Amino acid sequence: MRMSYLDASRVALEEEMRRDPMVWAVGEDLGRGGVFGQYRGLAEIFGNERICDAPISEAAILGASVGAAMMGTRPVVEMRFSDFALCAMDELVNQAAKARFMFGGQARVPIVVREPIGMWRSSAAQHSQSLEAWYAHVPGLVVVCPATPADNKGLLKFAIRCDDPVVYMEHKNLWGLEDEVPEDPDFTVPFGEARLVRKGRDLTIVSWSSQVHVAARAAEALAEQGIEVELIDLRTIWPWDKRRVGKSVIKTKRLLVVHEAVSVGGFGAEIVATIAEALGGSAVVRRLGAPRVPIGYAPSLEDAARVSEAAIVAAAREMAGGRRRKGARS
């Protein structure tokens, strides 16, 4: 069935709430459907005991959810924007992520913390960040960044069934994206399995979330110039699919990691370092991310912080030596 990225997540949550009475959702404005509409209609189906409106306190929302998860329920915690979740870092990083380890496996915190990420309609510096690398650094957290409607259904369902805390990062600019989504209520997408978007032999590009679509357009442009890109959508940041990425880079001998987040300290550095350590000097590696600046409100300033299709094409051409295959168009 064809549906939007937003509706795919709503359907996933509804199916999981019907499947498991211990699944519930909590956050600000959920009763009216959520700030983007991703909970629309669920309060009418499940009532306010399972679709729970909360006061404006991210620390209280997440703290209560950690306790509820340790008591046997499966909360889906809505943070509205990834930037707002920073108010609840102690509850997530010091409590949820470490509980299983600190209690010797006797406790678990099966929560899904939904944090919409990325630049969207001039939302400025406090509503536009992509902070996935922060969470990947924390032992005990799973980090998920779906790029397609199908993955937003399958990954969210898998996350809800997971016994560990999952930071689930949906890009705000993808809410309206439509594509085919499996109707099977048991359809899930496992963590740690990247998606091969297109095959190629000249250069491997690894990306995730909204930037996958920018990279796909760049790959099309590069194909017209005779450069064949193998594009991989990582889907989950932790765990990430080292096997698929490594296998691709062994073939192409070139790796370009592209992400919307700031390049400095971004997760692209981790991927590049891992592949460089594994393959030594046999592969050329590079990362491409945003400059280390706050994201401006003005569209012109916002665009200055974006990793554009043109920037990806230029980086790929440089890495591939600007090669052209016979018959390629100029």
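**A strand pair and its surroundings**

Author: Strands β6 (residues 142-144) and β7 (residues 166-168) run parallel and are joined by three bridges, strands being DSSP runs of E with at least two residues, and helices runs of H or I with at least four, both numbered from the N terminus. Within this pair, V142 faces V166 of β7; two strands count as paired when DSSP finds at least two bridges between them. The model is predicted, with local features requiring pLDDT of at least 70 and side-chain atom pairs pLDDT 80 or more, whereas totals for chains, interfaces and linings use all residues. Residues are numbered from 1 along each chain as its sequence is written, and side-chain values use heavy atoms, without hydrogens or water.

The pair belongs to an open, mixed sheet of seven strands, ordered β3-β2-β4-β5-β7-β6-β12. At its edges are β3 (51-53) and β12 (236-238), and because each has a single partner strand, one side of each has no neighbour in the sheet. On average, neighbouring strands are turned by 20° against each other, direction ignored.

Helix α3 (residues 58-70) lies across β2 (23-27), β4 (74-78) and β5 (112-114), and runs at about 170° to β4; axes are lines fitted to C-alpha atoms, for helices over the stretch in contact, with angles from 0 to 180 degrees between N-to-C directions. The axis of α3 also comes within 8 Å of that of helix α4 (residues 89-96), crossing at roughly 25°, and the two helices are therefore roughly parallel (under 35 degrees; over 145 is roughly antiparallel, 65 to 115 roughly perpendicular, the rest oblique). A59, L62, G63 and V66 of α3 meet E91, L92, Q95 and A96 of α4 in this contact, defined as heavy atoms within 4.5 Å. Five of the contact residues are nonpolar, two polar and one charged (Ala, Val, Leu, Ile, Met, Phe, Trp, Tyr, Cys and Pro being nonpolar, Asp, Glu, Lys and Arg charged, and the others, including Gly, polar).

For another parallel pairing, consider strands β10 (residues 203-207) and β11 (residues 229-233), which are joined by five bridges, with V206 opposite I232 of β11. β10 also runs parallel to strand β13 (residues 254-262), over three bridges, and here T204 faces L255 of β13.
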